[in-house]
Amino acid sequence: MKTLKAAAAALSLLACTTTSFAQAWPTKTLTWVVPFAAGGPTDAMARDIADKVAKQIGQQIIIENAGGAGGTIGAGKAAKANADGYTFLVGHLGYMAAAPSLYKKLTYDPVKDFEPVFRFPDTPLVLLVPKASPHKSAADLIAYAKKNPGKVNFGNAGAGSTSHLIAALFESKAGIDVVSVPYKGAAPAMNDLIAGQVDAMFDQTNTALPQVAGGRLVALALTSKATMAQFPGVAPLADKALPGFEAATWYGLYAPKGTPKDVITKMHQAYLKALGDKAWTQKMADQGIRLLPEAQYAPDAFAKHTAAEIEVWRRVATDAKITID
Ligand code: MLT
């Protein structure tokens, strides 16, 4: 009889502890790992969303930049973090969908080692060249690259980053041979592009826009199917240069596997509340960021999306012969 009472007491203590944890979370600062250098599109998107979610949950969210290997180093670090509700990964299609097909030895599994928390909005990309570039259109660049194989340098954020993947897709569809120049993020790559150290790069609209508007870079084409008011006179690649070409970067927040479900629910709810601020969502739209139907942000929808994208990128990497040099 004593054993039963003791077991019942232990169970009720455990239940209280779990409930008190769930009710109390968050009680301290949270960390979001961004596996690229500060200043790139992933970092910019993460800092903006973290700022809004922090206000909803009443705790600070710090961004930890951990660059290298197209985001796979930071993703591997986050996969091994405590699943206590205080460390998260900002993921995107590169290291959370394409990497399993590109890297022979990944230190994490995007599905087995993570719990999707919520999806961010998407960002189309822009084909950018330095302001002094001799290439005045995507067709120009393709024609030059066809005549000069192995001569055009494309900067990117590392092997398997979106700037690498989209450039590799562009290369394959255009039937050209370009040189991939990897950096620890789009920000350092962008600095070298502005300085004319590399000939071109693809970057997401949110960080490309200020450089183009400021006259430091020239936008030759968009990876969206439609034109964008933010880039007047810039045609989608799909219009003329590469009919059918379309690409966008998707992102989202992931937690290490085993993170309490209640934490994931609360984080997702906080994000949806933040999206209720229409001035904020308009500001994102003004940066060319593509808001999604609310249901697509949810943890289960994001889990399905991540799994589906791993298969999509397996096919794309094979068809386009994308490899990690
Ligand atoms: C990428 O190119 O994969 C990233 O967007 C780069 C970055 O955000 O720095």
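Residues are numbered from 1 along each chain as its sequence is written, and side-chain values use heavy atoms, with hydrogens and water left out. Because the model is predicted, local features need pLDDT of at least 70 and side-chain atom pairs count only at pLDDT 80 or more, while totals for chains, interfaces and linings use all residues.

Helices (H or I, at least four residues) and strands (E, at least two) are DSSP runs, numbered from the N terminus. Residues are classed as buried (under 20% relative accessible area), exposed (over 50%) or partly exposed (in between), with a 1.4 Å probe and protein chains only. Strand β3 spans residues 87–92, and six of its six residues are buried, so the strand is largely enclosed by the rest of the structure. Both of its faces are covered. Thr87, Leu89 and Gly91 are buried on one side. Phe88, Val90 and His92 are buried on the other.

Two strands count as paired if DSSP finds at least two bridges between them. Strand β1 (residues 30–34) pairs with β3 in the parallel sense, over three bridges. Here Trp32 has Phe88 of β3 as its bridge partner. Strand β11 (residues 251–256) runs antiparallel to β3, and four bridges join the two. Leu253 in β11 stands opposite Val90. β11 also pairs with β4, in the antiparallel sense, over five bridges. In that pairing, Ala255 of β11 is the bridge partner of Glu115. Strand β4 covers residues 114–119, and six of its six residues are buried, so this strand too is largely enclosed by the rest of the structure.

Helix α4 is mostly covered, with eight of its 10 residues buried. The buried residues are Leu93, Gly94, Tyr95, Met96, Ala97, Ala98, Ala99 and Leu102.

A nonpolar core is a set of buried Ala, Val, Leu, Ile, Met, Phe, Trp, Tyr and Cys residues joined through side-chain atoms within 4.5 Å. The largest such core has 53 residues. Those with the most contacts inside it are Leu89, Leu127, Phe154, Phe170, Phe202, Trp313 and Ile322.

Contact means heavy atoms within 4.5 Å. Not counting residues up to four places away in sequence, Phe202 touches Leu125, Val126, Leu127, Phe154, Ser163, Ile166, Ala167, Phe170, Thr223 and Leu237. Asn153 lies in strand β6 (residues 153–156). At 22% relative accessibility, Asn153 counts as partly exposed. Its contacts, leaving aside neighbours within four places in sequence, are Val179, Val181, Val198, Asp199 and Ala200. Asn153 and Trp32 are 121 residues apart in sequence and 32 Å apart in space, C-alpha to C-alpha.

Gln60 sits in the loop between α2 and β2 (61–65). Not counting residues up to four places away in sequence, Gln60 touches Thr29, Leu30 and Ala54. The C-alpha atoms of Gln60 and Val33 are separated by 14 Å, with the two residues 27 apart along the chain.

A cavity is a set of points where a 1.4 Å probe fits but cannot get out; a pocket is an open set with protein on both sides within 12 Å along at least five of seven lines; lining residues have an atom within 4 Å of a point. Grid points are joined across faces, edges and corners, and a volume is the space filled by probe spheres set on the points. Ala, Val, Leu, Ile, Met, Phe, Trp, Tyr, Cys and Pro count as nonpolar, Asp, Glu, Lys and Arg as charged, and the others, Gly among them, as polar.

The structure holds one cavity of 30 Å³ or more. The largest cavity has a volume of about 70 Å³. Its lining includes Phe36, His92, Ala157, Ser163 and Asp203. α2 gives the most to this lining, with three residues. The lining divides into four nonpolar, six polar and two charged residues.

The largest pocket has a volume of about 350 Å³. Of its 20 lining residues, Leu169, Glu246, Ala247, Ala248 and Trp313 are the closest to its centre. α11 gives the most to the lining, with five residues. The lining of this pocket comprises 12 nonpolar, two polar and six charged residues.
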